[in-house]
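Trainee: I would like to learn how to read a protein model step by step. Could we go through one together?

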Amino acid sequence: FRTLDDLDAKGKRVLLRADLNVPVRDGAITDRTRIERLVPTIKELSEKGAKVVVLSHFDRPKGKRVSEMSLRPLAEALSSILGKPVAFADDCIGPEAEAAVAKLQDGDVLLLENTRYHAGEEKNDPALSAAMAKLGDAYVNDAFSAAHRAHSSTEGVARLLPAYAGRLMQAELEALEAALGTPSRPVVAIVGGAKVSTKLDLLGNLSRKVDVLVIGGAMANTFLAAQGHDMGRSLQEAEMHPTALRILDEAKAANCEIVLPRDLVVAAEFKAHPATRTVTVDAVPSDMMALDVGPETVGLIENRLRQASTLVWNGPLGAFETPPFDAATVAVAQSVAGLTQSAGLKSIGGGGDTVAALRHAGVAERMTYVSSAGGAFLEWLEGKTLPGVAALQQG
Ligand code: 3PG
């Protein structure tokens, strides 16, 4: 795909698809990472003399103008991070947007209103894509985190204008390529989270591609139960037992070592700081539930990491939001950060909860790359084609 190196931006109206779908609580932005990561692309385009027209979705207004889902507050946030004014238009197409674009001088930045206020966005409606394309001479996509959506602003418009990857899109794709495309081996993957059923494709694809697959979180309970361990009151998916056994068989056939927990931290109740015990997987008391993996398992994971060259991490090892069940996730995260800094481990993490867990462990800055994407990161690890990326490759 083409990057900003290939775009002669001077004097051009550049339609930039960003992902400004940031977390907000009580009207305040709680995490600015996605805005900060856009800065290199916007700055570069602006400094090269482009008229930068930013498109993004926000939340899921389902084709209606829902005022709480307006991008207007993001113009101010973007402006304060960029250190220059950012204009705002009340619509992402039509006369208002066209007038705002016409007013731009070279180097100016304009943010357009939420693309999902139009029902055509999620339908990838050609009429909407064409109305967007009217606003630009070139299209730059920097929204890797929305690239799993085949929408007008991520896919349709990319086919109507000369299309380029922004710096953030480029960084995400390069990191993922280094993780699973042509990685240096051995590759270890850590997959955690609550449910096997939501990560079936992920486990299947990874077991074909990585050398060691560590399974943690509540989904490990399903695997352990499928192997015949009594998991007491632990969260698990009984109907997934045959599937779990099949995944283990397939991994074996693909020469992928599966690492399951050997010990678990259990409690009678799921709350902060209850009485806990550490038990082996064959000694879970019938009235207790597993909420984290234990120290022996952490040691085993660390051992595999010391031999690894590349790590891909998606999903926490325990119920990390409720202490002390963050212990294993934090310990492994710190080992990962240490090995990244001292032993050249290439460590790549991503997916909603994972980023929160890595931040909680204080290591997000010391990993090789932490993706800004949730669903898109997951779909990429599942081996799926992301429509927003495919459109750039053909463009
Ligand atoms: C995300 O936050 O993962 C992206 O912005 C995509 O949002 P969506 O799941 O509403 O399409």
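Trainee: Where is the place of arginine 149?

Mentor: Please keep in mind that this is a predicted model. Arginine 149 sits in a loop, the one between β7 (138-141) and α6 (152-156).

Trainee: Is arginine 149 buried or exposed?

Mentor: The general idea is to count C-beta atoms around the residue: 20 or more others within 10 Å make it buried, 12 or fewer make it exposed, and anything in between is partly exposed. Arginine 149 has 21 C-beta neighbours inside 10 Å, so it counts as buried.

Trainee: Which residues does arginine 149 touch, not counting residues up to four places away in sequence?

Mentor: They are Thr154, Pro387 and Gly388.

Trainee: Which residues are around the ligand?

Mentor: Arginine 149 is one of them.

Trainee: Where does glutamate 121 lie?

Mentor: Glutamate 121 lies in helix α4. With 27 C-beta neighbours inside 10 Å, glutamate 121 counts as buried. Once its neighbours within four places in sequence are set aside, the contacts of glutamate 121 include His57, Arg116, Leu128 and His151.

Trainee: How many Å apart in space are glutamate 121 and alanine 275?

Mentor: From C-alpha to C-alpha, they are 50 Å apart in space, and in sequence they are 154 residues apart.

Trainee: Now for strands. How should I read a sheet?

Mentor: The strands of a sheet pair through backbone hydrogen bonds, and the pairing is either parallel or antiparallel. Here, an open sheet of six strands has parallel pairing, in the order β5-β6-β4-β1-β7-β8.

Trainee: Which strands stand at the edges?

Mentor: β5 (87-89) and β8 (163-165) do. Each has a single partner strand, so one side of each is left without a neighbour in the sheet. From one strand to the next, the twist averages 25 degrees.

Trainee: How many bridges join β1 and β4?

Mentor: β1 (residues 13-17) and β4 pair in the parallel sense over five bridges. As one case, arginine 17 has leucine 55 in β4 as its bridge partner.

Trainee: Which strands does helix α3 lie across?

Mentor: Helix α3 (residues 94-102) lies across β1, β4, β5 and β6, and runs at about 160 degrees to β5.

Trainee: What about helices in general?

Mentor: An α-helix has 3.6 residues a turn, so residues three or four places apart point the same way. For a case here, look at helix α9 (residues 218-226), where nine of its nine residues are buried. Among them are Met219, Phe223 and Leu224.

Trainee: What covers the buried residues of α9?

Mentor: The cover includes β10 (212-215), α10 (241-253) and β14 (289-293). After α9 comes glycine 228, which has a positive phi, near 105 degrees.

Trainee: Could we finish with one more binding-site listing?

Mentor: Gladly! UniProt, in an unreviewed entry, also lists "binding site" positions that include Gly352 and Asp353. Glycine 352 is found in helix α13 (residues 352-360), and aspartate 353 is found in helix α13 as well.

Trainee: Why does glycine 352 count as partly exposed?

Mentor: Because glycine 352 has 16 C-beta neighbours inside 10 Å. Aspartate 353, with 19 other C-beta atoms within 10 Å, is partly exposed too. Not counting residues up to four places away in sequence, aspartate 353 touches Gly193, Gly315 and Pro316.

Methods:
Residues numbered from 1 in each chain as written. Predicted model: local features only at pLDDT ≥ 70, side-chain atom pairs only at ≥ 80, totals over all residues. Pairing = 2+ DSSP bridges. Helix = DSSP H or I, 4+ residues; strand = E, 2+ residues; numbered from the N terminus. Axes fitted to C-alpha atoms, helices over the stretch in contact; angles between N-to-C directions. Contact = placed C-beta atoms within 7 Å. Near = placed C-beta within 6 Å. UniProt positions renumbered as here; feature names shortened; annotations may be inferred.
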